[in-house]
Amino acid sequence: MFDMEMYIGSFAFSACTVYPLLPKILYPGPVWYHFRSLTIPAGWSARSGQAVNPYAPGRDPCGSRSGSAISVAANMVTVSLGTETDGSLICPGDHNSVVAIKPTVGLTSRAGVIPLSLRQDTIGPICRTVSDAAYVLDSIVGFDPRDSEATKAATKFIPAGGYKQFLNEDGLRGKTLGVVRKPFVDLSNTSLASQVFEGHLHTLRQLGARIVDYLDIANIDVIMNPVLCGESLALLAEFKLGINDYLKELTTSPVRSLADIIAFNTNNPDLERMEEFGQEIFLAADLTNGIGEEEKKAVEMMKKLSQDGFEKLMLENELNAMVTLGSDVSSVFAIGGFPAITVPAGYDTDGMPFGMCFGGLKGTEPSLIEIAYAFEQATLIRKPPLFDSVESNCKDVL
């Protein structure tokens, strides 16, 4: 192995190197700015500026892994990897017309990856096709002694023969899919997407799936609110613990703690555009003191919300997957560590992409891949961005 330089878009990480003892593949560091401050636009970093959606330059590229999705969508790379805590794979995939798989937490190692929450963080592929995503997933799953607790627990979910065997064009036949409309169809903000969604449900039926429509997730309004469900409280403490441990392991680094990063940003306001964006989340995280009683209660609340909500919905209706429009459902999967996959589903009148999201219980990646692949092959909706659009976008970024 060799030292690998890490940036994550921040000047604070200049000259940082990590010795990545990772299974099978090296993981890039994520861009994390949206967790520094809620005022920072999705896709912005101090080093590179604003990432641009290759399909709709004025629209949101979404998520802190937007660059990973954009590079795949614009044919700059064949595949990429990203880490998701809550939406950072599913949302960029949805918004940039690519396939993204959020694996069950623990299925892939997080060793060497800049952490936000070891309870929620998961590494997954972003690709142009479900087939590519399945092959990449085969390459990155498995036990890793540097992330032993999570990866050991998840090895039971890895199928003999891997995931590529589930690339089945008839994969929807006999599957039962639950449709949850509230609040996700309302959040799509486009009547065209809603119309297309209805057409896709018809396609799923034609391909042999049984559709159970108009289902509701208990306490969905609480789950979708990170403050009410406890996610925000837990993430603040988990982030400080995780980033401090991570920085201590770096081979070389000018910063060794969250406090050092905060100080760097404060001392370099122009580089990090502090006056415009600030770092209120970093400051709040630095005030935490580990996992105390309040944080434990927050974690337990999320477990109960998952059990009484998504898990109960899946089990009582005997669903193979839940299907929703767009990526706003990400928190449902995030707080419970559940897997999901987004597949391109269409484009709005201004060219803005939107996707279909299929999610399931832990370890159900085989079924999700079957469903997603069958849907993709039957519809073949994805198209590359127009060359002029990509060229214009690149000029805007540069």
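This is a predicted model: local features need pLDDT of at least 70, side-chain atom pairs count only at pLDDT 80 or more; totals for chains, interfaces and linings use all residues.
Q: Is Glu-318 buried or exposed?
A: Glu-318 is not a glycine, although its phi is positive at about 50°, and its place is in the loop between helix H13 (293–316) and strand E10 (321–325). The cut-off for the exposed class is a relative accessible area over 50%. Since Glu-318 has a relative accessible area of 63%, Glu-318 is exposed.

Q: Which helix supplies the largest share of the lining of the second largest cavity?
A: The space in the second largest cavity is about 40 Å³, and its lining consists of Ile-101, Lys-102, Pro-339, Ala-340, Ile-341, Glu-365, Leu-368 and Ile-369. At least two lining residues come from each of strand E6 (99–102), strand E11 (340–347) and helix H15 (365–379). The largest share is 3 residues, and the helix that supplies it is H15.

Q: How many residues of the lining of the second largest cavity are charged?
A: Lys-102 and Glu-365 are among the lining residues, and both lysine and glutamate are counted in the charged class. The lining divides into 6 nonpolar residues and no polar ones, and the number of charged residues is 2.

Q: Which residue in E12 is the bridge partner of Ile-341?
A: Ile-341 is one of the residues lining the second largest cavity, and E11, the strand of residues 340–347, is mostly covered, with 8 of its 8 residues buried. E11 pairs with strand E12 (residues 353–359) in the antiparallel sense over 7 bridges. These two strands form a hairpin with 5 residues between them, where Gly-351 in the turn has a positive phi of about 90°. Across this pairing, the partner of Ile-341 in E12 is Phe-358.

Q: Which residue in E7 does Ala-100 stand opposite?
A: Val-99 and Ile-101 point one way from E6, while Ala-100 and Lys-102 point the other way, and all are buried. E6 is antiparallel to E11, with which it pairs over 3 bridges, and there the bridge partner of Ala-100 is Thr-342. E6 also runs antiparallel to E7, to which 2 bridges join it, and in E7 the residue opposite Ala-100 is Ile-126.

Q: Which helix is among the elements that cover the buried residues of H4?
A: Helix H4 (residues 130–140) has as its buried residues Val-130, Ala-133, Ala-134, Val-136, Leu-137, Asp-138 and Ile-140. An α-helix has 3.6 residues a turn, so residues three or four places apart point the same way. The cover over the buried residues of H4 includes the strands E5 (79–84), E6, E7 (122–127) and E11, together with the helix H15.

Q: What share of the residues of the protein chain count as buried?
A: The chain holds 16 helices and 12 strands, and among contacts between residues at least 6 apart in sequence, 72% join residues at least 24 apart. The chain exposes about 16300 Å², of which carbon and sulfur atoms supply 55%. Of the 398 residues, the share that count as buried is 59%.

Methods: Residues are numbered from 1 along each chain as its sequence is written. Side-chain values use heavy atoms; hydrogens and water are left out. On a 1 Å grid over the protein atoms alone, a cavity is a set of points where a 1.4 Å probe fits but cannot get out, and a pocket is an open set with protein on both sides within 12 Å along at least five of seven lines; lining residues have an atom within 4 Å of a point. Grid points are joined across faces, edges and corners, and a volume is the space filled by probe spheres set on the points. Helices (H or I, at least four residues) and strands (E, at least two) are DSSP runs, numbered from the N terminus. Buried means under 20% relative accessible area, exposed over 50%, partly exposed in between (1.4 Å probe, protein chains only). Contact means heavy atoms within 4.5 Å. Accessible areas come from the Shrake-Rupley method with a 1.4 Å probe; for residues, only the protein chains shown count as cover. Two strands pair if DSSP finds at least two bridges between them.
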